[in-house]
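Please consult the sequence and structure shown here.

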Amino acid sequence: MKYGRWLLGAVLLLTPLALSAQNAIPLLTVEPAADGGSNYSVSLQILLLMTVLTMLPAVLLAMTSFTRIVVVLAILRQALGTAQTPSNQIILGLALFLTFFIMGPVLQQAYDEGLQPYVDGDIGFETALERAEVPFRSFMLDQVREADLIMFSELGGYSGFQSDDEIPLTVLLPAFVTSELKTAFQIGFLIFIPFLVIDLVVASVLMSMGMMMLSPMLISLPFKIMLFVLIDGWSLIVGTLATSFAV
């Protein structure tokens, strides 16, 4: 089945080549740019754009603040004990827009230094990618843990790096995701503690009253919701997540 998919993909890719050859229309045109790079034909640029679009979910998960935010919000829902409230769609929507808020300066810098000059024709495609990568690398390096970098460097067979610019993305990306998961679970642990205390107190009171058949979760739920509302919990959580990325 795997080879069949590769064969189908090869057929789909080779079909435009055959048609263009019959009509004497070149599929790929590479011209030297003024800065020493290369300018590609519109057809290849569209192909690259579609490829990049398919990689957007992976970029969102592996190179932005989205992972930490969505994990913390999921742990918060579990701590409250509200099952599917708020729903997955609400959590993902909040995490997505909060990610845009946090990553705004990074995205703006990548646009100003990479995409905009490329659209204006001042730089080539490779140069635009290199410039757009710089702010994302800086963001990830500010958040990644040194222990995770060392671990993945050793797993990758690297002896060491003289500067941050020498760290390849194959090492930086998994180290960043691992660091984000660790930080998210640390924040989630601190969030979970007060709600766990409420559950323990309610369970102890019910047991002392001989009401062992009554679910403690059912009784503690309104108290946890009331506590969360009284302390303005959503503002605290969102504010804490936003400031946790400050360097």
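In which sense, right-handed or left-handed, does H4 pass H9? The crossing of H4 past H9 is right-handed, a term for a near helix turned clockwise from the far one by less than a right angle, anticlockwise being left-handed. The model is predicted, so local features need pLDDT of at least 70 and side-chain atom pairs pLDDT 80 or more, while totals for chains, interfaces and linings use all residues. Residues are numbered from 1 along each chain as its sequence is written, and side-chain values use heavy atoms, leaving out hydrogens and water.

**Helix packing**
- Helices H4 (residues 66-80) and H9 (residues 169-208) have axes that come within 9 Å and cross at roughly 20 degrees.
- H4 and H9 are therefore roughly parallel (angles under 35 degrees).
- Residues of H4 including Arg-68, Val-72 and Ile-75 meet a set in H9 that includes Leu-181, Ile-187 and Phe-192 (contact: heavy atoms within 4.5 Å).

**Aromatic pairs**
- There are 5 aromatic pairs (ring centres of Phe, Tyr or Trp, the last by its six-membered ring, within 6.5 Å; stacked if the planes are under 30 degrees apart, edge-to-face over 60, otherwise tilted).
- Phe-139 and Phe-245 are stacked, with 6.0 Å between centres and 20 degrees between planes.
- Phe-139 belongs to helix H7 (residues 125-143), whereas Phe-245 follows helix H11 (233-243), 106 residues apart.
- Ring pairs join Phe-139, Phe-176 and Phe-245 in a cluster.

- Phe-139 counts as buried because its relative accessibility is 8% (the limit is under 20% relative accessible area, with a 1.4 Å probe and protein chains only).
- Phe-245 is also buried, at 7%.
- Arg-68 lies over the face of Phe-245, 3.9 Å from the ring centre (CZ of Arg within 6 Å of the centre and within 35 degrees of the ring normal).

Note on methods
Helices (H or I, at least four residues) and strands (E, at least two) are DSSP runs, numbered from the N terminus. Buried means under 20% relative accessible area, exposed over 50%, partly exposed in between (1.4 Å probe, protein chains only). Axes are lines fitted to C-alpha atoms, for helices over the stretch in contact, and angles run from 0 to 180 degrees between N-to-C directions. Angles under 35 degrees count as roughly parallel, over 145 as roughly antiparallel, 65 to 115 as roughly perpendicular and the rest as oblique.
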